[in-house]
Amino acid sequence: MQVSEMEMLITLSEELNMRRAAERLFVSQPALSQRLVAIERRWGTKLFIRSSRGLSITPQGEKVIGLAKAMNRKELELPSELTAEEGAVYGTLRIAVASIMGQYWLPRVLKRFVERYPHVRVQLVTGWSSEMMRHMLEEHFHIGIIRGNPDWKGVKERLFSDPLYLVDSELTSIEQLRVTDRPFIQFKSDSTYYQEILEWWQDRFASPPSRTLVVDQIETCKQMALHGIGFAILPESTIQQSNEVMQLPLKTSSGKVLKRDTWILSTESMLELKQVQAFWDIVKEEGGSQSDGIRH
């Protein structure tokens, strides 16, 4: 299977790393390097600067990659435009999803969608909510599933509010955090999530945790807490009731439960595409969407 030049250049610009790009494209790194050399020779200019730290895009490369992205976007949208007046639902659906939702919420919804609409091609990217929001603002995706409270001028509906819990195998009350020397296990996330945790902690306690451990994934964080290594603060959607650990809801000093909202985003024009509206409707059928949707 031949990898198109457009797909290759776009992937290289996103990864800025030859090895990772080759893995995504399912080609060998030498083959990818040779293809890039051939493309640069045809354009008569360097598109990327190679270094030990990876790739850097040249000004000329920015122009060529911009063209590739525009052509790729048009190519992906063309089937949907050609069938806009037809009853069948197919084409491409591009979804940008916060990692937590991609891991714990989306699989159930996506399974139902692909079973009902098998001719829709789904393109999915996951990451921090801030990254997914950037994709939506740049109009790279049809649907965004974002955590927090995104500033969005299009169609925006809250899926659910996710209470936060202290998860630990030893602590039996929130007040014990004042004196415990157990480590606080954190997972890497966007700044807004930990800003909420920091504000809650400062509201309740005079000093920070005595020890912290930082891991790269929420699942690693959860497993370390379940195995008694320390305590973690996790959204309800990522944990199940268990007799092995305590799950204590986080509350402010005024008694308000601390929650993390999840939103689904799109635009009026995107929702005119049948595959986008179909996914939006599936989400509502799943019972996730709350009735306070906002359409600007």
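A: W200 and W201 are both buried, where buried stands for under 20% relative accessible area, exposed for over 50% and partly exposed for anything in between, with a 1.4 Å probe and protein chains only. You are looking at a predicted model, so to say: local features need pLDDT of at least 70 and side-chain atom pairs pLDDT 80 or more, while totals for chains, interfaces and linings use all residues. Numbering starts from 1 along each chain as its sequence is written, and side-chain values use heavy atoms, with hydrogens and water left out.

The structure contains eleven aromatic pairs. Rings of Phe, Tyr and Trp (its six-membered ring) pair if their centres lie within 6.5 Å; planes under 30 degrees apart are stacked, over 60 edge-to-face and the rest tilted. One of these pairs is F113 with F279: the ring centres are 5.5 Å apart and the planes stand at 80 degrees, so this pair is edge-to-face. F113 belongs to helix α6 (residues 106-116) and F279 to helix α10 (residues 274-285), so the pair ties together parts that are 166 residues apart in sequence. Helices (H or I, at least four residues) and strands (E, at least two) are DSSP runs, numbered from the N terminus. F113 and F279 are both buried.

Back to the two tryptophans. The ring centres of W200 and W201 are 6.0 Å apart and their planes lie at 75 degrees, so this pair is edge-to-face. W200 and W201 also belong to one aromatic cluster, together with F184, F205 and F231. Elsewhere, a charge comes in: K156 lies over the face of W263, at 4.4 Å from the ring centre. For that, NZ of Lys or CZ of Arg must be within 6 Å of the ring centre and within 35 degrees of the ring normal.

Next, helix α9 (residues 218-226), whose buried residues are I218, C221, K222, M224 and A225. They cover an arc of only 165 degrees around the axis, which puts them on the same side of α9; the arc is that of the directions from the helix axis to the C-beta atoms. Among the elements covering these buried residues are α5 (99-104), β6 (155-168), β7 (184-187), β8 (212-215) and β9 (231-235). After α9 comes G228, whose phi is positive, near 80 degrees.

Just after α7, E139 has a positive phi of about 60 degrees.

Strand β4 is also where L124 lies. L124 is partly exposed, with a relative accessible area of 42%. Leaving aside neighbours within four places in sequence, L124 is in contact (heavy atoms within 4.5 Å) with I95, V97 and L106. From L124 to L93 it is 31 residues in sequence and 8.3 Å in space, C-alpha to C-alpha.
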